[in-house]
Amino acid sequence: MSTLDPIVTSAMCIGCGLCESIAGAPNVQLILNEAGRERPVTRNPLSAETVAAVYAACPGVNVNGLEPERFSTEDALDQVWGHYAGMWRGFAGDPDVRHRGATGGVLSALGRYLLKSGRVDFVLHVSADPENPLRNIHTISNTPEDVLNAAGSRYGPAAPLRDFIKILERQQPFAFIAKPCDINAVRNLAKSDPRVDEYCKYLLTLVCGGASEMTKSWDLLDDWGLSEEELTLFRYRGYGNPGLTVAETKDGRRFETTYMDLWEDENKWNIQTRCKVCPDAIGEQADIAASDVWPGGGPTGEDAGWNGIIPRTQAGIDLLNAAIRDGAIIIDKELTPRDMDIFQPHQVRKKKAVWQRLKALRSTGHPALNTSGLRLDALSQTNEVIENAKEYGGTIERVKAGKFSE
Ligand SMILES: Cc1cc2nc3c(=O)[nH]c(=O)nc-3n(C[C@H](O)[C@H](O)[C@H](O)COP(=O)(O)OP(=O)(O)OC[C@H]3O[C@@H](n4cnc5c(N)ncnc54)[C@H](O)[C@@H]3O)c2cc1C
Ligand code: SF4
Ligand code: SF4
């Protein structure tokens, strides 16, 4: 067994791609397996040094809170929502960006603003693969138009960090937009590689309910009687909030479904196992996190698109203030952590459940994530004893049923 395999076999891997970048593509290769998960396969023996570097940076091993030196001068702390320098509802100042973005286009607007204002040379993020638009690739946006072309949430596997070391080697300032676990990986790497803080100037994230296996999208294509090879476009959401899920084919056919229909049945979300024990799905280590703001956690129809916006660091609040000043972002309401609870009840539940789930994993001898600075133990203590027992016992049952093995 290769020494990276335990991260994968214990189902703690989320397929971010950083191990491939650290070890080098010929040695470790991320592949989309038959179960619809992107996972690293070790092709050549790895040195002990490489293995140690991967384990230190991997978000399937270590997930921590924001380092105190990154707190903003306006730092406040909420037990559930973490460190923040304010919370607002807002949207992209440009109506086209607001429309095409997943929610209100805030992440794309910030990426575009960073390029237009010369703060960064490029933005690293993910987009649909032009060769196969069901799948996702990591992409470098050099222009504001490039950023907009990659707008929208991609719910299948995405590996934005596959080339991260090579990107650091460019020695150019850049921004990174990705999921909270991808941000955790970058912050982990920053502890040993000073180039991260030197060049990766802004880390922007989305509040994340979980990443589906590719089986979710394959099932939808099956329902439509389509194959991946036929597609010219596959969009999960955006072009409205939430917008339709749309497929278009080479022979000119178009297929659509609503967000509500796609996500109605939670048993068919096919969420990756790592997400069930995610200690930081709210982007605690990012400079700015952006979310949906639907009361109750889901849409009841289409709307114009509003984001929850949570700057967390000094870099984040400075960027947000500048983007507001220059019209890239429009703010229409101040929010509180309790408003966020109403918009994200599933995040509150998970944040309070994760400690018991990880504790249960450890008790079976199963590898579990190392966490710090995320208040998980304290949050668990706010639950009723019976709730904690349910989370703990449920996880033990799932381990026995093989649900934590890949
Ligand atoms: C898997 C997933 C689960 C989510 N779950 C929730 C949730 O539970 N609650 C909630 O409030 N919001 C959730 N979101 C976030 C929400 O869909 C929007 O992304 C967020 O509100 C930002 O909207 P926006 O209009 O500013 O984004 P946009 O302006 O459209 O920008 C989106 C950015 O995210 C990047 N991106 C898209 N998909 C991925 C991916 N899979 N991995 C890495 N980067 C990606 C794109 O490259 C783009 O730069 C989720 C998003 C994803 C991808
Ligand atoms: S989570 Fe990322 S770094 Fe860790 S094993 Fe998976 S792909 Fe590699
Ligand atoms: S729930 Fe956590 S592990 Fe899963 S994709 Fe989102 S941030 Fe990553």
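Q: Which cavity is the space taken by ligand 2?
A: In this predicted model, local features need pLDDT of at least 70, side-chain atom pairs count only at pLDDT 80 or more, and totals for chains, interfaces and linings use all residues. Residues are numbered from 1 along each chain as its sequence is written, chains are lettered from A and ligands numbered from 1 in the order in which they are written, and side-chain values use heavy atoms, leaving out hydrogens and water. A cavity is a set of points, on a 1 Å grid over the protein atoms alone, where a 1.4 Å probe fits but cannot get out. The space that ligand 2 takes is the largest cavity.

Q: How many residues of the shell around ligand 2 are nonpolar?
A: The residues around ligand 2 (a heavy atom within 4 Å) include Cys13, Cys16, Cys19 and Cys58. Ala, Val, Leu, Ile, Met, Phe, Trp, Tyr, Cys and Pro count as nonpolar, Asp, Glu, Lys and Arg as charged, and the others, Gly among them, as polar. The shell has no charged residues and two polar ones, and its nonpolar residues number nine.

Q: In which cavity does ligand 3 sit?
A: Among the residues around ligand 3 are Cys181, Cys208, Cys275 and Cys278. This shell divides into one polar, three charged and seven nonpolar residues. A molecule sits in a cavity if more than half of its atoms lie within 2 Å of its grid points, and for ligand 3 that is the second largest cavity.

Q: What share of the exposed area of ligand 1 does the protein bury?
A: An oxygen atom of ligand 1 is 2.6 Å from a side-chain N or O atom of serine 108, and another contact runs from an oxygen atom of ligand 1 to a backbone N or O atom of glycine 152, at 2.7 Å. A nitrogen atom of ligand 1 lies 2.9 Å from a backbone N or O atom of valine 207. Taken alone, ligand 1 exposes 920 Å² (Shrake-Rupley method, 1.4 Å probe), and the part that the protein buries is 98%.

Q: How many residues of the shell around ligand 1 are charged?
A: The shell holds 34 residues, and Ser108, Val126, Ser153, Val207 and Gln344 come nearest. By class, there are 14 nonpolar and 15 polar residues, and the charged ones number five.

Q: Why is the pair of phenylalanine 122 and phenylalanine 174 called stacked, and how far apart in sequence are the parts it ties together?
A: Ten aromatic pairs (ring centres within 6.5 Å) occur in the structure. The centres of these two rings are 5.0 Å apart and their planes stand at 0 degrees, so the pair is stacked, a label given to planes under 30 degrees apart. Phenylalanine 122 belongs to strand S7 and phenylalanine 174 to strand S9 (strands are DSSP runs of E, at least two residues), so the distance in sequence between the parts tied together is 52 residues.

Q: Which loop holds proline 242?
A: The peptide bond from asparagine 241 to proline 242 is cis, with omega near 0 degrees. Proline 242 is found in the loop between strand S11 (231-235) and strand S12 (245-249).

How values were computed:
A polar contact is a pair of N or O atoms within 3.5 Å; within protein, one must be able to donate a hydrogen and the other to accept it, and residues adjacent in sequence count only if both atoms are side-chain atoms. On a 1 Å grid over the protein atoms alone, a cavity is a set of points where a 1.4 Å probe fits but cannot get out, and a pocket is an open set with protein on both sides within 12 Å along at least five of seven lines; lining residues have an atom within 4 Å of a point. Rings of Phe, Tyr and Trp (its six-membered ring) pair if their centres lie within 6.5 Å; planes under 30 degrees apart count as stacked, over 60 as edge-to-face and the rest as tilted. Helices (H or I, at least four residues) and strands (E, at least two) are DSSP runs, numbered from the N terminus.
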